[in-house]
Amino acid sequence: MQQVRLYAYRLPAAPFRPFGQPRPHAMVAVEPVAPLGPAEPVGDLLALHASAGIQLRLLTNLWGFMDAVATSTLDFSGIRLRNATPRPETGRTGCAPMQS
């Protein structure tokens with residue numbers, strides 16, 4: 001995060017709609033969307049997180065944290081958890097089911 005050169009495209013908001021059930025968890029467009037301009041450098045990711053008041057946590061394993069989130073009242077998405085290190089106790093990947 002400290003050395004990557006990350007670029008962002010700005011996209012028009014109008015084509016995007018909420019996606020997901022029972023509550024939307026993403027905004028998607030079902031048609032091609034052209035960027036509003038060229039990609040722009042994002043800058044220092046750590047500084048941007050800090051200035052926005054976003055906590056950044058570095059965890060060696062996500063599963064304890066995700067299990068706590070899944071049983072909380074927080075809305076969350078685990079869409080990228082297939083890329084996480086497997087659970088130490090079972091070796092499986094995936095997220096615990098969302099509690100209602």
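A contact here means heavy atoms within 4.5 Å. This is a predicted model, where local features need pLDDT of at least 70, side-chain atom pairs count only at pLDDT 80 or more, and totals for chains, interfaces and linings use all residues. Residues are numbered from 1 along each chain as its sequence is written, and side-chain values use heavy atoms, with hydrogens and water left out.

**View 1. Val42 and the residues it touches.** Leaving aside residues up to four places away in sequence, Val42 is in contact with Leu6, Tyr7, Ala8 and Leu48. Look for Val42 in the loop that runs between strand 4 (40–41) and helix 1 (45–51); helices (H or I, at least four residues) and strands (E, at least two) are DSSP runs, numbered from the N terminus. Ala8 sits 34 residues away from Val42 along the chain, yet their C-alpha atoms are separated by 6.2 Å.

**View 2. The salt bridge between Glu40 and Arg10.** Searching the whole structure turns up two salt bridges, each being a side-chain nitrogen of Lys or Arg within 4 Å of a carboxyl oxygen of Asp or Glu. In the Glu40–Arg10 pair, the closest N and O atoms are 3.7 Å apart. This one links distant parts of the chain, with Glu40 in strand 4 and Arg10 in the loop between strand 1 (7–8) and strand 2 (17–19), 30 residues apart. Glu40 comes out as partly exposed at 37% relative accessibility, and Arg10 is partly exposed too, at 44%. As a general point, side chains of opposite charge can pair when their charged atoms come close.

**View 3. The salt bridge between Arg87 and Asp67.** Here the closest N and O atoms are 2.8 Å apart. Arg87 lies in the segment after helix 2 (63–70) while Asp67 is in helix 2, so the pair ties together parts 20 residues apart in sequence. The two side chains also make a polar contact (2.8 Å), meaning a pair of N or O atoms within 3.5 Å; within protein, one must be able to donate a hydrogen and the other to accept it, and residues adjacent in sequence count only if both atoms are side-chain atoms.

Methods: Buried means under 20% relative accessible area, exposed over 50%, partly exposed in between (1.4 Å probe, protein chains only).
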